Amino acid sequence: GEQEGKGMAAKNEKTPLMGGEDKPSMSLSHKEHRTVGALSLVAIMYFTVSGGIEGTETMIQTGGPLPTFIGIVLMGLALAVPTAMMTAELSTAFPENGGFVLWSRAAFGDAAAGMMGLLQFMLTAVDSALYPALFAAYLAQALKTEWSYLTLWTVQGLFILSITGLNLAGVANVGHGSLLMMSFLLVPFVLITVIALTGSFTGEAWVTGWAFNAGNWGDSLDDSKGLGDWSKFIVVLMWNMGFWERSSLITGEVKDVPTVFPPALAATVMIVVLGYVVPLMAFVGLDNDYAAYDNGYFIQIVYRVAGPIWGAWIGASQCVSAAGLFTNNLSTNAFMLCGMGEQGMVPTVFAYRLVDTRAPVVSIGLTVIVPVVLMFVGDFEMVLGVDMLIYSVCLLMAISSLIVLRVTDPELPRPFFIPVNTFWLCCIFTPSVLLCLYVIATSTTMQLLIAAVLFAAGALVLYGVSDARKAHPEWFEGVEEVSYVRPADTLFF
């Protein structure tokens with residue numbers, strides 16, 4: 001690449017170029033280590049975005065069934081499809097670990113990319129801290145038992161150790177494990193949905209005789225009666241339909257990125273949208289006590305309607321959902337750190353891999369430790385309110401990277417290309433931008449304050465990394481077998 005300050009260029013003579021007409025092929029050794037195929041990638045994407053209908057209960061509780069169904073479809077069109085296409089375009093242009101951090105680096109420089117990486121790390125770490133507790137809660141519900149304090153922490157500890165072991169076994173095993181977990185998770189919901197929907201016209205499901213009322217599908221909660229909470233509804237809806245770009249963090253582990261990544265994203269969008277709407281239609285037809293819809297309520301519905309065997313199966317599937325979400329949060333966060341280490345953005349020790357499994361052991365270790373520490377905080381409600389605020393900022397930066405790179409580096413090879421010019425690209429992403437701005441505008445003062453503290457802490461960390469690079473440049477040599485992403489010379493903010 002001859003263009004200064006944009007795209008990707010050679011780090012040294014041994015590093016393959018990316019960007020420009022003289023781009024050579026990726027090094028053979030790196031190709032051989034790419035182990036994630038199409039089905040595994042779909043499963044990983046599924047858990048980075050959805051992980052099942054758990055978490056959708058709040059939408060029914062705050063808006064009612066009809067707004068939930070409409071909202072999922074509209075959010076799919078306004079947010080999921082555009083961000084999935086963005087992920088496909090930039091992941092095929094920058095097929096290395098680090099994903100949107102590398103996009104930001106190419107568009108805005110190291111400072112912006114470093115801040116984005118740190119914020120994403122903390123956002124995912126906070127999310128991850130919830131899943132051991134959710135797993136234990138779902139397991140207790142499935143077994144109809146209550147844990148003692150010691151048993152509770154034992155269950156959570158074994159859960160963390162098991163998922164950490166899976167990640168240390170390598171990303172190929174994470175992919176295969178995610179595929180098995182997705183299958184186990186979906187099977188009972190598919191069966192219950194099919195059985196329940198047979199009662200759509202008769203009011204009674206075939207074979208089982210479950211009472212079913214399809215008329216519940218048209219219900220919505222009346223805000224004038226104090227039953228609707230539309231601000232919370234929109235934020236939770238966005239939380240359930242967002243995070244498509246997170247799958248880009250493991251791009252460097254995917255076989256034949258241009259061929260595999262775009263169709264995998266398209267398939268996952270369909271699975272996620274249908275996987276929300278159709279099962280929710282079944283559960284709403286079985287139970288219209290919308291105020292009771294809260295985390296874990298699907299298990300209670302199935303226990304009451306179908307009996308303890310079905311209830312235990314649904315409970316087990318929700319345990320698997322928590323395991324899949326935790327597994328892939330750890331994996332994507334670890335490979336983000338690994339990718340940053342490979343590029344020399346953080347010390348190269350974070351790119352160190354186990355010889356047999358090529359798992360980034362140092363990055364996995366840090367990625368596990370932070371959520372474990374956060375588990376002891378106890379009250380995550382306010383911190384979780386910051387999640388969508390930080391995500392909105394990161395998504396705005398990712399969208400900006402897409403548009404800026406279209407302008408500053410139009411010749412960057414893009415095996416997948418959103419087939420519109422820059423003006424229409426801005427139009428396509430306008431709803432996503434407005435959603436992000438809505439989340440930021442409706443954040444509470446405390447949420448904004450916490451976010452500001454995180455930004456300030458991130459700035460201090462970046463300052464420390466910069467000083468360490470000057471004092472010990474040998475710590476930041478990067479990895480030669482990956483394609484180097486050149487940081488932009490100009491910061492746009």
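Trainee: Which helix gives the most to the lining of the second largest pocket?

Mentor: This is a predicted model, in which local features need pLDDT of at least 70 and side-chain atom pairs count only at pLDDT 80 or more, whereas totals for chains, interfaces and linings use all residues. Residues are numbered from 1 along each chain as its sequence is written, and side-chain values use heavy atoms, with hydrogens and water left out. Helix H6 (110-143), helix H12 (308-342) and helix H16 (445-471) each supply at least two lining residues, a helix being a DSSP run of H or I with at least four residues, numbered from the N terminus. With ten residues, the helix that gives the most is H16.

Trainee: What is the volume of the second largest pocket?

Mentor: A pocket is an open set of points on a 1 Å grid over the protein atoms alone, where a 1.4 Å probe fits, with protein on both sides within 12 Å along at least five of seven lines; its lining residues have an atom within 4 Å of a point. Grid points are joined across faces, edges and corners, and the volume is the space filled by probe spheres set on the points. For the second largest pocket, this gives about 530 Å³.

Trainee: Which residues of the lining are the closest to the centre of the second largest pocket?

Mentor: The lining of this pocket has 26 residues. Those closest to its centre are Gly-114, Leu-118, Val-461, Leu-462 and Val-465.

Trainee: How many residues apart in the chain are Glu-253 and Arg-353?

Mentor: The side chains of Glu-253 and Arg-353 meet in a salt bridge of 2.9 Å, N to O, that is, a side-chain nitrogen of Lys or Arg within 4 Å of a carboxyl oxygen of Asp or Glu. Glu-253 lies in the loop between helix H9 (230-241) and helix H10 (257-286), and Arg-353 in the loop between H12 and helix H13 (361-375).

Trainee: Where does Glu-481 lie?

Mentor: The side chains of Glu-481 and Arg-358 meet in a salt bridge of 3.3 Å, N to O. Arg-358 is in the loop between H12 and H13, 123 residues away in the chain. At 22% relative accessibility, Glu-481 counts as partly exposed, and it lies in the segment after H16.

Trainee: How many salt bridges does a search of the whole structure find?

Mentor: Glu-89, Arg-406 and Arg-414 are linked in a network of salt bridges. For the whole structure, the search finds eight.

Trainee: How far apart in space are Thr-92 and Thr-251?

Mentor: Thr-92 lies in helix H4 and is buried, with a relative accessible area of 3%. Thr-92 and Thr-251 are 159 residues apart in sequence. In space, C-alpha to C-alpha, their separation is 8.4 Å.

Note on methods
Buried < 20%, exposed > 50% of the residue type's maximum accessible area, 1.4 Å probe, protein only.
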